Amino acid sequence: MRRTRLIPALALCLVLLVTAGCGTPQRTAAVPRPEGKLAVVGFTNPIYNWQLLAGYLDEEGRPVPDGTLSALDSVLIDTLHRHQVYDFITPDSVAPCQELVVFEESGMPKLSSWKYWLGVGKCVQADVLLVPQVTHWREREGTTSGVTHAASVALEFFLIDVKNERMTRARYEETQVGLLENLFTARKFADRGGAWVTATRLASDGIEEKLMELGL
């Protein structure tokens, strides 16, 4: 089996040079916290384009493996708490409204999805609704030291201003590559211990990054 090695000696030296003297990064949100009552939806997995709020799927009809959504929900809540976001309507409390509001396949895909999530936001009486979705998931094939196929994920985060009917989108997409294939990933390479990581770890990094981008 052909394996891609991640830690050539030269690459390791470059990482040490990049990270040396930089100190611990101070991560701060890119924008102010959203105002008003926040509600957080659990991760969903659109598998058809008509279920999307924006964009297109590379391939329709491919659901994520069982257990993935609940694992991502746990990471999402833990990350919000780590960012000191505690006062929000939880996914469990939003779920009844997701069942109550009807998702209409009206032939106008994005409009239907938009009306659905806006309806969920109004049902749960939130000012702001966070809708996280996973649209691509490929698990690592190999080990931490070598892979035949690297992990790959795509996540969407939509922050819906329910009252003003506006939406902010943040997309995270990553297929892990070796350091020498992209030296700009040196910090991530170091943060991940110089290893090929799982899809869940990629998604965790994406959740961290995009919540910051949305002010959460």
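Leucine 129 touches quite a list of residues once you leave aside its neighbours within four places in sequence: Ala39, Val41, Trp117, Val120, Gly121, Phe158, Leu159, Ile160 and Val162. Contact here means heavy atoms within 4.5 Å. What you're looking at is a predicted model, where local features need pLDDT of at least 70, side-chain atom pairs count only at pLDDT 80 or more, and totals for chains, interfaces and linings use all residues. Residues are numbered from 1 along each chain as its sequence is written, and side-chain values use heavy atoms, with hydrogens and water left out.

**Around leucine 129**

- Leucine 129 sits in strand E4; strands (E, at least two residues) and helices (H or I, at least four) are DSSP runs, numbered from the N terminus.
- Leucine 129 is buried, at a relative accessible area of 0% (buried is under 20%, exposed over 50%, partly exposed in between, with a 1.4 Å probe and protein chains only).
- Aspartate 161 is 32 residues away along the chain, yet its C-alpha atom and that of leucine 129 are separated by 6.8 Å.

**Where H2 meets H6**

- Helix H2 (residues 68-82) packs against helix H6 (residues 199-213) at an angle of about 40°, and their axes are 10 Å apart; axes are lines fitted to C-alpha atoms, for helices over the stretch in contact, and angles run from 0 to 180 degrees between N-to-C directions.
- That makes H2 and H6 oblique to each other, the label left over once angles under 35 degrees count as roughly parallel, over 145 as roughly antiparallel and 65 to 115 as roughly perpendicular.
- On the H2 side you'll find Leu72, Val75, Leu76, Thr79, Leu80 and Arg82, and they meet Ala203, Ser204, Ile207, Glu208 and Leu211 in H6.
- The residues of this contact of H2 with H6 split into seven nonpolar, two polar and two charged.

**Two glutamines with positive phi**

- Most residues other than glycine have a negative phi.
- Glutamine 84 has a positive phi of about 65° although it is not a glycine; look for it in the loop between H2 and strand E3 (88-89).
- Glutamine 84 is exposed, with a relative accessible area of 60%.
- Glutamine 125, not a glycine either, has a positive phi of about 60°, and its loop runs between helix H4 (109-123) and strand E4 (128-138).
- Glutamine 125 is exposed too, with a relative accessible area of 68%.

- Strands E5 (residues 141-142) and E6 (residues 146-149) run antiparallel and are joined by two bridges; strands pair if DSSP finds at least two bridges between them.
- Glycine 142 has valine 147 in E6 as its bridge partner.
- Three residues make up the hairpin link from E5 to E6.

Conventions: Nonpolar A, V, L, I, M, F, W, Y, C, P; charged D, E, K, R; others polar.
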